Amino acid sequence: NGKVHRLHLDGRIPEDNPFVNQPDALPSIYSFGHRNPQGLAFDPETDILWNSEHGPMGGDEINNLHSGANYGWPDVSYGRNYDSSIITELERTEDTHQPSWIYRPSTGVCGIDVYRGVMFPRWQGHLLVGALKFQSVEVLTLDGDHVIHTETIVRNLGRVRDVAVAPDGSVYLVLNDPGRVIALTAIR
């Protein structure tokens, strides 16, 4: 099922990828067991690679990705099928990596970025996560690789497809319905 692949910018496979020498696996695979990855954000200050992932009904996730880790789908899930039937009874197993955050109900997570800027110092090192269904942006406060608090900073401007921190520290949001790009900036 769903996988995250890791490549060099020129398309070469990194020699330290976890499955590079496994004959029955694609050498580009970095992690697996993802249902529907929507966004990736790498934080060079912590070396954590984050992803936002659509789960089934009641199971969107924020994950910190580890080389070779299994994130469980479809054997492990925090959600249900859209007809409310059970996908699996398991929410965790010994060989699967747990999410850093689970959205219940699902928000339709999409773009994600790590805030590293000067315009909004309170957000330094926090995750910014967009949502399609809830038409929102949340700031997720972290303790290492775990989410300990969430705060909604944008709501009802449109479905938030992507979130990106600009070099000046402003935050760009890509919206659809209506299709537009807006910038969040500090009032001076």
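Arginine 12 is partly exposed, with 49% of relative accessible area. The model examined here is a predicted one. The partner of arginine 12 is aspartate 10, and their side chains meet in a salt bridge with an N to O distance of 2.8 Å. Aspartate 10 has a relative accessible area of 54% and therefore counts as exposed, the cut-off being over 50%.

**Overall architecture**

The protein contains 13 strands and zero helices. The C-alpha trace spans about 55 × 45 × 30 Å along its principal axes. How does the radius of gyration of the protein relate to that of a compact globule with 188 residues? The protein has 17 Å, in agreement with the value near 16 Å that such a globule would have.

Of the 188 residues, 46% count as buried. Among contacts with a separation of 6 or more, 47% come from residues 24 or more positions apart. The protein exposes about 10,100 Å², and carbon and sulfur atoms supply 51% of this area.

**Charges and salt bridges**

There are 15 positive and 24 negative side chains, and the centres of these two sets lie 8 Å apart. The structure holds seven salt bridges. Besides the one between arginine 12 and aspartate 10, two further pairs are described here.

In one of them, aspartate 43 is paired with arginine 116, with the closest N and O atoms 2.7 Å apart. Is aspartate 43 buried or exposed? With a relative accessible area of 2%, aspartate 43 is buried, because the value falls under 20%. Arginine 116, at 26% relative accessibility, counts as partly exposed.

Aspartate 177 and arginine 159 form another salt bridge through their side chains, at 3.8 Å from N to O. Here too the pair links distant parts of the chain, 18 residues apart: aspartate 177 is in the loop between β12 (171–176) and β13 (180–184), and arginine 159 is in strand β11 (residues 159–165). Salt bridges with shared partners also join Asp43, Glu45 and Arg116 into one network.

The relative accessible areas of the residues in these three pairs are collected below.

| Residue | Relative accessible area | Class |
|---|---|---|
| Aspartate 10 | 54% | exposed |
| Arginine 12 | 49% | partly exposed |
| Aspartate 43 | 2% | buried |
| Arginine 116 | 26% | partly exposed |
| Arginine 159 | 27% | partly exposed |
| Aspartate 177 | 58% | exposed |

**Backbone geometry in the loops**

Most residues other than glycine have a negative phi, and most peptide bonds are trans. Several places in the model depart from this pattern. Aspartate 177, although not a glycine, has a positive phi of about 60°.

Proline 105 belongs to the loop between β6 (101–103) and β7.

Asparagine 156 is not a glycine either, yet its phi is positive, at about 65°. Asparagine 156 is located in the loop between β10 (146–155) and β11, and its relative accessible area of 55% makes it exposed.

**The surroundings of phenylalanine 32**

Phenylalanine 32 is part of strand β2 (residues 29–34). At 27% relative accessibility, this side chain's residue counts as partly exposed. Which residues are in contact with phenylalanine 32, leaving aside its neighbours within four places in sequence? They are Gly2, Lys3, Phe19, Gly68, Ala69, Asn70, Tyr71 and Gly72. Threonine 150 stands 118 residues from phenylalanine 32 along the chain, and the C-alpha atoms of the two are separated by 26 Å.

Definitions and conventions
Residues are numbered from 1 along each chain as its sequence is written. This is a predicted model: local features need pLDDT of at least 70, side-chain atom pairs count only at pLDDT 80 or more; totals for chains, interfaces and linings use all residues. Side-chain values use heavy atoms; hydrogens and water are left out. Helices (H or I, at least four residues) and strands (E, at least two) are DSSP runs, numbered from the N terminus. The radius of gyration is taken over C-alpha atoms; the globule rule is 2.2 Å times the number of residues to the power 0.38. Buried means under 20% relative accessible area, exposed over 50%, partly exposed in between (1.4 Å probe, protein chains only). Contact means heavy atoms within 4.5 Å. Accessible areas come from the Shrake-Rupley method with a 1.4 Å probe; for residues, only the protein chains shown count as cover. Lys and Arg count as positive and Asp and Glu as negative; His and the chain ends are not counted. The place of a charge is taken as NZ of Lys, CZ of Arg, CG of Asp or CD of Glu. A salt bridge is a side-chain nitrogen of Lys or Arg within 4 Å of a carboxyl oxygen of Asp or Glu.
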